[in-house]
Amino acid sequence: MNIKKETLWYVPVFCFFAGIISSQILIWEIHFFASENLGNNGIYVYTSRFLIFWGINLFLILIAGFFIFRKIPKKDLFFSALLMAVIQFIFLFIQIASGELSNIVFFYLSGWCNFFSELTHEKLGSEFIGNVLKCLMPFIFVLFGKKASPSGVRRMSKTSHESRMHDKT
C-alpha cells in the first residue's frame with residue numbers, strides 16, 4: 001500500500017476548518033432566525049429550526065467537500081478519512097471517560113456534522129449514537145473522490161482513437 005503523506009491530512013484539516021466556519025454561521029443563524037429573547041437573560045431556541053439550520057450547514061459542507069475532494073483519488077481520501085475517524089474516536093472516548101461534554105477540539109473536528117447528534121438527541125434521547133455517527137461521517141468524502149485508473153493503462157479519448165484509425169488508412 002502506497003499512501004501519500006501529502007493527502008493524509010486533507011480530510012482532518014478540511015473538517016477542522018469546516019467545523020469552525022459552520023459553528024460561526026450557526027451562531028449567526030440561530031441568533032437571527034431560531035431564538036427568542038424571553039427576558040430575565042433567558043433565550044428560547046426553537047428545536048425544529050435548530051435542526052433545519054444544522055441540516056443546511058451539513059449540506060453546504062458536503063457541497064464544498066465535493067468541489068475540494070473531487071480530484072483526489074478515493075484511496076487517498078479513504079486513508080485521510082480513516083485518520084480523521086480515529087482522531088474523532090480518540091477525542092470522543094476522552095470526552096466520555098472524563099465526563100466532560102464540552103471538549104472544544106472534538107466540537108470543532110466534528111462540528112460540521114452535528115446534525116446527527118442533535119437529531120438523535122431530539123428523537124431518541126441519546127447523543128451517543130449521533131456522536132458515533134459523527135465520527136464516521138468523514139468517510140462520505142470518499143464518495144467524492146476520483147476513481148483511480150488502472151496502473152499502466154492509458155485512457156484514450158474517442159476522438160484520438162478515431163484520428164489514429166484515419167491515419168492508418
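In the predicted model, Asn57 makes contacts with Ser22, Ile25, Leu26 and Glu29, when neighbours within four places in sequence are set aside. Asn57 belongs to helix H2, which spans residues 47–69. With a relative accessible area of 3%, Asn57 is buried, because the limit for that class is under 20%.

Phe59 is also part of helix H2, but its relative accessibility is 53%. Phe59 therefore counts as exposed, the cut-off being over 50%. Phe59 contributes to a nonpolar surface patch, together with Ile52, Ile56, Leu60, Ile63, Phe66 and Phe67. The accessible area of these residues together is about 670 Å².

Phe66, a member of this patch, also takes part in aromatic pairing. Across the whole structure, 11 aromatic pairs were found. One of them joins Phe66 and Phe144 in an edge-to-face arrangement, with 5.8 Å from centre to centre and 90° between the planes. Phe66 lies in helix H2, whereas Phe144 lies in the loop between helix H6 (127–136) and helix H7 (158–168), so the pair ties together parts that are 78 residues apart in sequence. The two partners fall into separate accessibility classes: Phe66 is partly exposed, with a relative accessible area of 36%, and Phe144 counts as buried at 19%.

A further aromatic pair is formed by Trp112 and Phe141; this pair is tilted, with a centre-to-centre distance of 5.3 Å and 35° between the planes. Trp112 is located in the loop between helix H4 (104–110) and helix H5 (115–124), and Phe141 in the loop between H6 and H7; the pair thus links distant parts of the chain, 29 residues apart. Trp112 and Phe141 are both buried. The residues of these two pairs belong to one aromatic cluster, made up of Phe14, Phe66, Phe67, Phe69, Trp112, Phe141 and Phe144.

For the protein as a whole, seven helices and two strands were assigned. Their order from the N terminus is α-β-β-α-α-α-α-α-α. Of the 169 residues, 33% are buried. Among contacts with a separation of 6 or more, 72% are between residues 24 or more positions apart. The accessible surface of the protein amounts to about 11100 Å², and carbon and sulfur atoms account for 67% of this area.

Notes:
Residues numbered from 1 in each chain as written. Predicted model: local features only at pLDDT ≥ 70, side-chain atom pairs only at ≥ 80, totals over all residues. Heavy atoms only, no water. Helix = DSSP H or I, 4+ residues; strand = E, 2+ residues; numbered from the N terminus. Buried < 20%, exposed > 50% of the residue type's maximum accessible area, 1.4 Å probe, protein only. Contact = heavy atoms within 4.5 Å. Patch = residues over 30% accessible without salt bridge, like charges linked within 9 Å, V, L, I, M, F, W, Y side chains within 5 Å. Areas by Shrake-Rupley, 256 points an atom, 1.4 Å probe, with all protein chains shown as cover. Salt bridge = Lys/Arg side-chain N within 4 Å of Asp/Glu carboxyl O. Phe/Tyr/Trp six-rings, centres within 6.5 Å; stacked < 30°, edge-to-face > 60°.
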